[in-house]
Amino acid sequence: MNLIQRLFPIFQWLPAYKKADLNGDLFAGLTVGVMLIPQGMAYALIAGLPPVYGLYASIVPQIIYALFGTSRQLSVAPVAMDSLLVAAGVSVLATEGSESYIAFAILIAFFMGTFQLLLGVLRLGFITNLLSKPVISGFTSAAALIIAFNQLKYLLGTEITKSNRFYEVVMNSARQINETHVITLIIGIAAIVLIKSLKSLNKNIPGALIAVILGTVIVYSLRLDDAGVSIVQNIPQGLPSMQLPDFSLGQFRKVLPLAFTISVVAFMEAFSVAKAVEAKRRDHKVIPNQELIGLGAANLIGSLFQSYPVTGGFSRTAVNHQAGANTPLASVVSAAIVALTLIFLTSLFYFLPHAILAAIIMVAVSNLFDLTYAKKLWRESKKEFLVLLFTFLVTLNIGMVIGIVTGIILSILLFLYRAAYPHIARLGRIKGHHEFRNVTRFNNLETWEGLMIIRIDAPLSFINIQEIKDYIQHLLSREPKTREIIIDAGPVSHLDATAADGLHTLLEELNQKGVRLVFCDVIGPVRDTMKQTGLTKTIGKENLFLSLSEAVENALTNAKDPYKKVTLQTNVKA
């Protein structure tokens, strides 16, 4: 693959484009384009922006991603999660609906794109691995609740103050419940039922668009706007003009951290759905760092055309895939549908009720609340469940960015805890075989009094070497007759300088006690570090063996006093 094809993946699929792919791309592009019109406007509402900005963000970013992205089916446009993050960050910088509020949202898209481009060019996509699945699940579940409850303002037709703290939204809603506008509530609930019902009948039916059309026609026919139903009103006609973001706004200390946070969250969302589709199609490969470049370019160039932050959406991409999209040409068709709507059809949305957009949002985010995964974690890993729970609670009640940061910190602490206290197994030999197993998990294993065999199931590093030394010393205090210790180092993938120094110290202590220390199954990179740090010389080549069987046979054969064989009967763990 040449440089041009790596930088512009479009030159990989476009020259090989087949006529047979065109029907699928056209149908999928039309389907997603129709879906994007109400969805884009609804997500702009979450971000606190006029609905037209959701349409602006659905044109240029899709075209740019088609040039740079490696996924053939990913649909790049506004999503609920990023929209909420924009609202959470920009609401403290400017008044919702003001010119400066809009300018801040566009500026964040510019810096978000810049960060993603830099991460991709510098091949730093691994940074996103800090967002473990429990963190993502806890965060998205909390965000789903916050997004849904913030739509009560439009669903109830009352003046409820928005908030990114769940308890505040609930209290604000409870105070205004008596002011509910009944007609608006009926419209919203009817739209939710309609969209859910159509989706259950056939996922390809554009339920959201049908709800938009019916709601608009009903409000216009009955003039329900005169009865107090809130409507979208004027949507500017025409395509977005090209203009630079307003850098004079300042507030970079708040804008840059927010932009970086959204850039990481957005990439995780897009990459996970792109990989899921790749696994199903198996006709292309999604490259992480190139995806960062593609998303970065989509956001950066999109911001020059008044787009706020975008990424690949789960529902849209699924629809794109199911509708038969074969190449990114489908996304170009989707962008064209939205562009034509802006040029010719914006006047048709004048009487669109806000309650319909709120219903679209509520249905969309209901899939983000993942109780099933939380139950699974509770059964399988209590510690990771706690990471999910804390991320969920902090995001729900303190803030979005703080919630993500809390989750990342907890994940890192859990990782460090596991690294600091590695699994160490005491081994015995299976009768009649050369295989060795953990004495706490198998019965009838052969062990020898005075010979200790252990396996360390972790890299040896500064964070765990003291724990390993303490473990060995503890065993020696319980079994003072031990004359030889064999360490099965097969699972040890890395040895750092601090751990090497720790092993030097351990060897000196064991020599003083007359205990021989033997290593076996040491892999190449670890042997290299042993040699560089002088550890090989300290251990002695005669104490390094290729296999555990060889090390044990050497110990049994060359012992001055034969080791007494003991057959263990233990309470075997499940």
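User: What sits over the ring of Phe442?
Analyst: The charged end of Arg437 does, 6.0 Å from the ring centre. Keep in mind that this is a predicted model.

User: And which ring does the charged end of Lys382 sit over?
Analyst: The ring of Trp378. The distance to its centre is 4.6 Å.

User: Where do Phe8 and Phe68 lie?
Analyst: Phe8 is in the loop between helix 1 (3-7) and helix 2 (10-13). Phe68 belongs to helix 5 (residues 60-68). The pair therefore ties together parts 60 residues apart in sequence.

User: Is Phe68 buried or exposed?
Analyst: Buried, because its relative accessibility is 16%, and the cut-off for buried is under 20%. Phe8, at 26%, counts as partly exposed.

User: What about Phe149 and Phe166, what kind of pair do they form?
Analyst: Edge-to-face. The centres are 4.8 Å apart and the planes are at 80°. Phe149 lies in helix 8 (residues 133-150) and Phe166 in helix 10 (residues 166-176), so this pair ties together parts 17 residues apart in sequence. Phe166 is buried at 17% relative accessibility. Phe149 is partly exposed at 29%.

User: Which residues do ring pairs link into a cluster?
Analyst: Phe110, Phe111, Phe247 and Phe252.

User: New topic, strand 7. Why is it largely enclosed by the rest of the structure?
Analyst: Because five of its five residues, 484-488, are buried. Both faces are covered. Glu484, Ile486 and Asp488 are on one side, with Ile485 and Ile487 on the other.

User: How many bridges pair strand 6 with strand 7?
Analyst: Five, in the parallel sense. Strand 6 covers residues 451-456. Its Met452 has Ile485 of strand 7 as bridge partner.

User: And which strand do five bridges join to strand 7, with the two running parallel? I mean the one at residues 516-520.
Analyst: Strand 8. There, Phe519 stands opposite Ile487.

User: What do the helices between these strands make with them?
Analyst: Strand 6, helix 21 (residues 465-478) and strand 7 make a right-handed β-α-β unit. Strand 7, helix 22 (residues 497-512) and strand 8 also make a right-handed β-α-β unit.

Terms used:
Residues numbered from 1 in each chain as written. Predicted model: local features only at pLDDT ≥ 70, side-chain atom pairs only at ≥ 80, totals over all residues. Heavy atoms only, no water. Helix = DSSP H or I, 4+ residues; strand = E, 2+ residues; numbered from the N terminus. Buried < 20%, exposed > 50% of the residue type's maximum accessible area, 1.4 Å probe, protein only. Phe/Tyr/Trp six-rings, centres within 6.5 Å; stacked < 30°, edge-to-face > 60°. Lys NZ or Arg CZ within 6 Å of the ring centre and 35° of its normal. Pairing = 2+ DSSP bridges. Right-handed = clockwise from strand over helix to strand, strands pointing away.
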